[in-house]
Amino acid sequence: MKDKLIIGRYLPLNSPIHHLDPRAKFIFVFFFIMVIFISHAWLSYVWLALVLYTILRFSRVPLGFLLKGLIPIFIFLSFTFIMHLFLTKGGTRLVEFGMISIDSHGINEGALIVLRLSFIMIVSTMLTLTTSPLDLTDAFDRLFKPLNYIKIPVPALSMMMSIALRFIPTLMEELDKIMLSQKSRGSDISSGSLAKRIKAFVPLLIPLFISAFQRAEELAVAMEVRGYDANSKRTSYRTLEWSTKDTIAVLTIIPIGVISVLIKFIF
């Protein structure tokens, strides 16, 4: 199970993307998501798909590994497409059966929304795959540090993000152990109808939630006995160094966004 979900995981590789400053990657991903929302057209999404593939090549993350890990997300996106298929009206009426109808505009909008969400998930996942949780936390803390002046607890939010990212692989390992325990007791969760599989997952979720709460409580106690105070000012022994390559990486979002918008309005 832990190999089938890569959200929040870090893949240590020697690539140009891995060596970028995490703040540069944070800024690039933020503006790239904005470009995705602006570029609501087929040709623009083709252009963004080429950009994502180029970034993937530079990151040296295998395409099959990325897509396989996002299969659970794609299953959710299929339900999003089905909702648009039946609820979004307009264009040419393609299918009509009683109260159920499918229009061309529903298919078009459903596909575009699925592509938009897919691109957002891919670029966000590539950020976590190429950046360690500690670097992500440091980048978040430094980028949003000015918010401390308006009483937003940025260090506490950074700590929460770091703990959440670290808990994901731990919970996946715990789920693997629970699944093996259930299988040794004769439980079968890999066959049967959809309703049967969903019912078989209930004995997995209950001990998983109990384990998650126990781990959270143990972590809270451990932090408390060590005198952790979220409001204390801290220094860091890890330093982030911004270089020319980071500036170039961030500035590449400008031509990417301009080309995407021009494609949308010209074609």
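1. UniProt positions are given in the numbering used here, and its annotations may be inferred rather than shown by experiment. The model discussed in this note is predicted.

2. The unreviewed UniProt entry places the feature "transmembrane region" at residues 26-53, 65-87, 107-129, 149-168 and 248-266. Two of these ranges can be set against the predicted coordinates. Over residues 65-87 the chain is 96% helix and 0% strand. The C-alpha atoms at the ends of that range lie 34 Å apart. Over residues 26-53 the chain is 89% helix, again with 0% strand. Here the end C-alpha atoms are 18 Å apart.

3. Strand β1 covers residues 93-97, and strand β2 covers residues 100-103. They pair in the antiparallel sense, over 4 bridges. Phe-97 has Ile-100 in β2 as its bridge partner. The hairpin has 2 residues between the strands. Gly-98 takes a positive phi there, near 65°.

4. Glu-96 and Arg-93 meet through their side chains in a salt bridge, at 3.6 Å from N to O. Glu-96 has 56% relative accessibility, over the 50% limit, so it counts as exposed. Asp-103 joins Arg-93 and Glu-96 in a network of salt bridges.

5. Other salt bridges. The structure has 5 salt bridges by the rule applied. One of them joins the side chains of Arg-142 and Asp-138, at 3.8 Å from N to O. Both residues lie in helix α6 (residues 133-143). They are 4 residues apart, about one turn of the helix. Asp-138 is buried, with a relative accessible area of 6%. Arg-142 is partly exposed, at 29%.

6. A link between helices. Which residue meets Glu-174 in a salt bridge? The partner is Arg-215, at 3.1 Å from N to O. The pair links distant parts of the chain, 41 residues apart. Glu-174 sits in helix α7 (residues 154-184), and Arg-215 sits in helix α8 (residues 194-225). Glu-174 counts as buried because its relative accessibility is 16%, under the 20% limit. Arg-215 counts as partly exposed, at 32% relative accessibility.

7. Aromatic pairs. The structure holds 5 aromatic pairs. One of them is Tyr-45 with Phe-119, whose ring centres are 5.6 Å apart. The ring planes stand at 85°, over the 60 degree limit, so the pair is edge-to-face. This pair also links distant parts of the chain, 74 residues apart. Tyr-45 belongs to helix α2 (residues 42-59), and Phe-119 belongs to helix α5 (residues 104-129). Tyr-45 and Phe-119 are both buried.

8. A tilted pair. How far apart are the ring centres of Phe-140 and Phe-144? They are 4.7 Å apart, with the ring planes at 40°. Phe-140 is buried, with a relative accessible area of 16%. Phe-144 is partly exposed, at 33%. Phe-26 forms one aromatic cluster with Phe-140 and Phe-144.

Methods. Residues are numbered from 1 along each chain as its sequence is written. This is a predicted model: local features need pLDDT of at least 70, side-chain atom pairs count only at pLDDT 80 or more; totals for chains, interfaces and linings use all residues. Side-chain values use heavy atoms; hydrogens and water are left out. Two strands pair if DSSP finds at least two bridges between them. Rings of Phe, Tyr and Trp (its six-membered ring) pair if their centres lie within 6.5 Å; planes under 30 degrees apart count as stacked, over 60 as edge-to-face and the rest as tilted. Buried means under 20% relative accessible area, exposed over 50%, partly exposed in between (1.4 Å probe, protein chains only). A salt bridge is a side-chain nitrogen of Lys or Arg within 4 Å of a carboxyl oxygen of Asp or Glu.
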